[in-house]
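Take a moment with the model shown here. The text after it walks through a few of its features, step by step.

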Amino acid sequence: MVARIVVAAPGSGHGKTTVATGLMAALRRRGLAVSGHKVGPDFIDPSYHALATGLPPRNLDPFLQGEQRVVPLLLHGSRAAEVAVIEGVMGLFDGMLGTDGYASTAHVARLVSAPVVLVVDASAASRSVAATVLGFARYDPRLELAGVILNKLGSQRHEDEIRAALQPTGIPVLGALRRSDDIHAPSRHLGLVPAGERESESRRLLPALAAWIADGVDLDAVVRVARTAPPPAGQPWSPDAAYGGPRRVVAAASGQAFTFRYTETAELLAAHGVDVVDLDPLRDTALPPGCAGLYFGGGFPEVHAEELSGNEPLRGELARAVRRGMPVVAECAGLLYLCRELDGLPMVGALDATARMTRRGALGYRRATAPSATLLTGGGEEVTGHEFHRTMVEPRYGPTPAWRWDGEAEGFATDTVHASYLHVHWAGHPGLARRFAEAVHRG
């Protein structure tokens with residue numbers, strides 16, 4: 001049984017990612033094996049978890065994966081760990097709009113039977129913090145709010161005032177963190193900058209982050225709280241498939257422009273006889289030897305468009321491979337890269353479309369249906385996914401759309417190409433991985 005805690009907050013901006021990542025790094029520095037998990041679809045925060053823990057990043061999302069898979073995926077992702085630290089999303093009770101907090105941090109905490117530690121930004125309040133914490137503790141009696149970590153404190157007097165106000169509530173203070181201008185990660189139009197784009201800087205920051213947490217948080221108390229979690233009901237998820245034939249290679253976009261890929265995607269493909277090999281479109285000029293398929297996940301190609309466009313040898317080889325019928329899956333960033341151009345700069349040109357940055361973003365969960373059979377799907381197949389971007393592709397879809405949702409068509413699909421804005425967690429829809437692998441083997 002893995003010990004586990006959920007790190008939550010009253011809302012965004014309280015310091016969940018900083019504190020959760022710091023806890024992972026500090027506990028690891030103490031000699032504990034730690035796994036990091038993120039509630040929701042976000043790719044960016046898990047990139048920092050991976051640096052802090054040394055283990056692959058993991059997501060827990062009832063909407064994308066199905067409620068029944070959340071505990072198995074937690075057990076799978078934490079099998080090499082002694083403590084699992086699960087970072088929440090938004091406020092503790094914030095889930096899908098129009099639902100009773102579905103896919104919220106609280107929902108996941110209940111599913112995995114984990115105690116909750118609430119991180120509170122105390123920079124603009126003192127005794128009122130106690131009222132906030134007490135409200136969160138009483139709002140849902142099915143949750144165990146096991147303690148609070150006070151963040152962005154200004155002084156010892158400030159801390160003492162809040163501690164005194166919290167004492168009658170019976171909710172323990174597990175940590176008190178002073179403001180630190182040195183502990184932060186830069187952000188831009190879609191949130192934090194992924195760790196993969198600033199890996200050296202992030203690695204240098206980790207020791208300071210771990211020391212900051214160790215100095216202000218009672219790590220022994222945090223571990224004791226984590227160990228109160230009861231044995232979870234379920235068995236570890238497994239990507240295993242009964243495959244014993246020859247193996248094939250799929251090149252997966254990586255590097256600073258393509259930093260988003262769910263860990264389970266590669267695990268599912270490996271189980272179907274497909275080895276995923278990283279391909280950096282900023283640096284690599286040719287496909288890896290024996291390449292039989294392409295996977296282009298998420299990232300920020302709009303930030304690196306000039307460099308991507310300048311790598312003409314790889315763009316040309318990719319265009320020829322797609323024309324020859326090499327199976328290719330592209331999600332969001334990959335969709336942009338396969339277009340003729342992005343913000344006026346030439347890209348691969350495998351899709352008869354152009355892409356550009358816009359002022360408005362698209363963000364949210366989607367229930368999508370495949371209009372017809374394609375590389376990834378059977379006709380009429382339904383999936384859950386999420387959309388997260390601030391770009392526009394024109395036209396929005398090709399002769400055969402990849403998906404339909406909310407009455408609209410989106411994406412480009414054929415027997416060998418599936419390109420769309422929709423991110424789908426393949427652990428929730430393993431048939432997509434199987435069909436892609438089968439196409440790679442046929443090719």
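This is a predicted model: local features need pLDDT of at least 70, side-chain atom pairs count only at pLDDT 80 or more; totals for chains, interfaces and linings use all residues.

The paragraphs below cover confidence, salt bridges, a cavity and some details of the backbone.

The chain averages a pLDDT of 94. Of the residues, 95% score at least 70. One stretch is another matter. Over residues 186-191, pLDDT stays under 50. For that stretch the model has 20 contacts beyond four places in sequence.

Now turn to the charged side chains. How many salt bridges does the structure hold? The count is 18. Lys 38, Asp 45 and Glu 87 are linked in a network of salt bridges. Take the pairs in turn. Lys 38 meets Asp 45 through their side chains, at 3.0 Å from N to O. Lys 38 also forms a salt bridge with Glu 87, and here the closest N and O atoms are 3.2 Å apart. Glu 87 lies in strand S4 (residues 83-87) and Lys 38 in strand S2 (residues 34-39), so this pair ties together parts that are 49 residues apart in sequence.

Next, look at another salt bridge. Asp 278 pairs with Arg 261, with 2.9 Å between the closest N and O atoms. This pair links distant parts of the chain, 17 residues apart. Asp 278 sits in strand S11 (residues 274-279). Arg 261 sits in the loop between strand S10 (248-253) and helix H10 (263-271). How accessible are the partners? Asp 278 has 49% relative accessibility, so it counts as partly exposed. Arg 261 is partly exposed as well, with a relative accessible area of 26%.

From side chains, move on to empty space. Rolling a probe the size of a water molecule over the atoms shows where empty space is left. In this structure there are two cavities of 30 Å³ or more. Consider the second largest cavity, which holds about 40 Å³ of space. Its lining includes Val 329, Ala 330, Glu 331, Trp 403, His 418 and Ser 420. Two elements give two or more residues to this lining: strand S13 (328-331) and strand S21 (417-420). Which of them gives the largest share? It is S13, with three residues. By type, the lining of this cavity divides into eight nonpolar residues, two polar and one charged.

Finish with the backbone. The peptide bond from Glu 394 to Pro 395 is cis, with omega near 0°. You will find Pro 395 in the loop between strand S17 (382-394) and strand S18 (403-405).

Two residues have a positive phi without being glycine. In Lys 152, phi is near 65°. This residue lies in strand S6 (residues 145-153). Its relative accessibility is 29%, so Lys 152 counts as partly exposed. In Asp 343, phi is about 50°. Where does Asp 343 lie? Its place is the loop between strand S14 (341-342) and strand S15 (345-346). At 38% relative accessibility, Asp 343 is partly exposed.

Methods. Residues are numbered from 1 along each chain as its sequence is written. Side-chain values use heavy atoms; hydrogens and water are left out. A salt bridge is a side-chain nitrogen of Lys or Arg within 4 Å of a carboxyl oxygen of Asp or Glu. Helices (H or I, at least four residues) and strands (E, at least two) are DSSP runs, numbered from the N terminus. Buried means under 20% relative accessible area, exposed over 50%, partly exposed in between (1.4 Å probe, protein chains only). pLDDT is the predictor's confidence in each residue, from 0 to 100. Contact means heavy atoms within 4.5 Å. On a 1 Å grid over the protein atoms alone, a cavity is a set of points where a 1.4 Å probe fits but cannot get out, and a pocket is an open set with protein on both sides within 12 Å along at least five of seven lines; lining residues have an atom within 4 Å of a point. Grid points are joined across faces, edges and corners, and a volume is the space filled by probe spheres set on the points. Ala, Val, Leu, Ile, Met, Phe, Trp, Tyr, Cys and Pro count as nonpolar, Asp, Glu, Lys and Arg as charged, and the others, Gly among them, as polar.
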